Amino acid sequence: MSDPAKVRRHAERVRELVASVVRSQIKDPRLGMITITDARITADLRDATVFYTVLGDQVAQADTAAALESAKGLLRSTVGKALGLRHSPTLTFVLDDVQDQVKHIDDLLAAARNADAEVQRLAAQAKYAGEAQPYRVDDELDEADETDEADEATDVKETPRGGETR
């Protein structure tokens, strides 16, 4: 097993190397507007997965995938020489669909925003089913206590001996 920091460094180096080779050495006309977004390498440094995005439609993506597959040998030998490992890692190319996921999340957020606006519109037109304030407020409570105390004071009569009668 390798050190995780070493694996990360090698993965970053693989990403940089593949990007520079694709930009400068591969002259395949099928290769579209490609961006190497990420590279991951296994802990034993034998297999590397390279993620890429392509600007264009499905045809451009398919053509770019075919161009990368045909240039896989050149890319692998370049990566192997530059890393200086005993075994060159095998390269696997995966189309990174981040843009599709971003569009999907944006659509979900827009739908949630519209639903919130609809709820706000309905809430602005809503009316209470009963009173606006169904609970007793402290001011009403204080007034009620004062009237109860006044009623009790008038009901109680004191006798000269100190006893109370009702």
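These legends describe close-up views of a predicted model.

**View 1. Helix α1 from end to end.** Helix α1 covers residues 4–24. At 1.5 Å a residue, its 21 residues should span 30 Å. The C-alpha atoms at its ends are 30 Å apart, so the model agrees with that expectation.

View 2. Which residues of α1 are buried? They are V7, H10, A11, V14, L17, V18, V21 and V22. Seen down the helix axis, the buried residues fall within an arc of 130°, so they line one face of α1. The face turned away from this buried side carries exposed residues: R8, R9 and R23.

View 3. α1 lies across β1, β2 and β3. Its direction runs at about 160° to β1.

**View 4. The open sheet.** In what order do the 3 strands of the sheet stand? The order is β1-β2-β3, and the pairing is mixed. β1 and β3 stand at the edges. Each has a single partner strand, so one side of each is left without a neighbour in the sheet. From one strand to the next, the twist averages 30°.

**View 5. The pairing of β1 with β2.** Strands of a sheet pair through backbone hydrogen bonds, either parallel or antiparallel. Here β1 and β2 run antiparallel. How many bridges join β1 to β2? There are 8 bridges. I36 has its bridge partner in β2: Y52.

Technical notes:
Residues numbered from 1 in each chain as written. Predicted model: local features only at pLDDT ≥ 70, side-chain atom pairs only at ≥ 80, totals over all residues. Heavy atoms only, no water. Helix = DSSP H or I, 4+ residues; strand = E, 2+ residues; numbered from the N terminus. Expected span 1.5 Å × (residues − 1). Buried < 20%, exposed > 50% of the residue type's maximum accessible area, 1.4 Å probe, protein only. Arc of directions from axis to C-beta. Pairing = 2+ DSSP bridges. Axes fitted to C-alpha atoms, helices over the stretch in contact; angles between N-to-C directions. Contact = heavy atoms within 4.5 Å.
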